[in-house]
Amino acid sequence: MRKFKTHNDLPNVFIGQGTHLQGYITCTYQDIVKAFGEPNESDGYKSDAGWDIKWNDGTVSTIYNWKNGNNYNNDGTRTESIVEWNVGGKTDLALHYVLRQIKRSKNGHQSREQLEWMMDSLRKQTGMKI
């Protein structure tokens, strides 16, 4: 059973309202699609793709690119080639849950070094012991 719902499950509900930056992740667009499904429509200006996620415990996460895609830079950058993503939420659990779900969705296909880097990044940003 999934432990979250996304904008794809709740199309008429804006899940990410009131969130703010919690941290950053480095992963492929395809990794995020595999973990959370297709993105929602972006703002058409500073972002090209985004995901709104509501976890079963009520925690809200948003994933989005910010000023590094074609919408903002008009440089032909394909959304599918973006690897730097922002994670928003109301608490640092938003970032933790996103990283955990991406890791789980990869089913061990990510190298140990990449996972250690992601977890180290989370520890530094949040001070959490993971």
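Asp-31 and Lys-106 are joined by a salt bridge (a side-chain nitrogen of Lys or Arg within 4 Å of a carboxyl oxygen of Asp or Glu), with 2.9 Å between the closest N and O atoms. Asp-31 belongs to helix H1 (residues 29-36) and Lys-106 to the loop between helix H3 (93-105) and helix H4 (112-126), so the pair ties together parts that are 75 residues apart in sequence. Helices (H or I, at least four residues) and strands (E, at least two) are DSSP runs, numbered from the N terminus. Asp-31 counts as buried at 14% relative accessibility, and Lys-106 likewise counts as buried at 13%. Here buried denotes under 20% relative accessible area, exposed over 50%, and partly exposed in between, with a 1.4 Å probe and protein chains only.

The model is predicted: local features need pLDDT of at least 70 and side-chain atom pairs count only at pLDDT 80 or more, whereas totals for chains, interfaces and linings use all residues. Residues are numbered from 1 along each chain as its sequence is written, and side-chain values use heavy atoms, with hydrogens and water left out.

By the rule given above, the count of salt bridges comes to 2. Besides the pair of Asp-31 and Lys-106, the side chains of Glu-80 and Arg-78 meet at 3.5 Å, N to O. Glu-80 is partly exposed, with a relative accessible area of 34%, while Arg-78 counts as exposed at 53%.

The secondary structure of the chain comprises 4 helices and 5 strands, which follow the pattern β-β-α-β-β-α-β-α-α along the sequence. Of the 130 residues in the chain, 42% are buried. Among contacts (heavy atoms within 4.5 Å) with a separation of 6 or more, residues 24 or more positions apart account for 65%.

Ile-63, placed in strand E4 (residues 60-64), is buried, with a relative accessible area of 1%. When residues up to four places away in sequence are not counted, Ile-63 touches Ile-25, Ile-32, Phe-36, Ala-49, Gly-50, Trp-51, Ile-53, Trp-85, Asn-86 and Val-98. The C-alpha atoms of Ile-63 and Gly-23 are 9.9 Å apart in space, with a sequence separation of 40 residues.

One of the residues touched by Ile-63, Val-98, is also among the buried residues of H3, which are Ala-94, Leu-95, His-96, Tyr-97, Val-98, Leu-99, Gln-101, Ile-102 and Ser-105. The end C-alpha atoms of H3 are 18 Å apart, in agreement with the 18 Å that its 13 residues should span at 1.5 Å a residue; the expected span is 1.5 Å times one less than the number of residues. Ser-105 is found in H3 and counts as buried at 10% relative accessibility. Leaving aside neighbours within four places in sequence, Ser-105 is in contact with Asp-31, Lys-34 and Ala-35. Just after H3, Asn-107 takes a positive phi of about 50°.

Lys-67, which is not a glycine, has a phi of about 60°; it lies in the loop between E4 and helix H2 (70-73) and counts as partly exposed at 34% relative accessibility. Asn-74, likewise not a glycine, has a phi of about 50°. Its place is in the loop between H2 and strand E5 (84-89), and Asn-74 is exposed, with a relative accessible area of 67%.The largest pocket has a volume of about 290 Å³. On a 1 Å grid over the protein atoms alone, a pocket is an open set of points where a 1.4 Å probe fits, with protein on both sides within 12 Å along at least five of seven lines, and lining residues have an atom within 4 Å of a point. Grid points are joined across faces, edges and corners, and the volume is the space filled by probe spheres set on the points. Of the 20 residues that line the largest pocket, Phe-14, Ser-47, Asp-52, Thr-62 and Tyr-64 are the closest to its centre. Strand E3 (50-55) and E4 each supply at least two residues of this lining. By class, the lining has 6 nonpolar, 11 polar and 3 charged residues, where Ala, Val, Leu, Ile, Met, Phe, Trp, Tyr, Cys and Pro count as nonpolar, Asp, Glu, Lys and Arg as charged, and the others, Gly among them, as polar. The C-alpha atom of Asp-52 is separated by 9.8 Å from that of Val-13, 39 residues apart along the chain.
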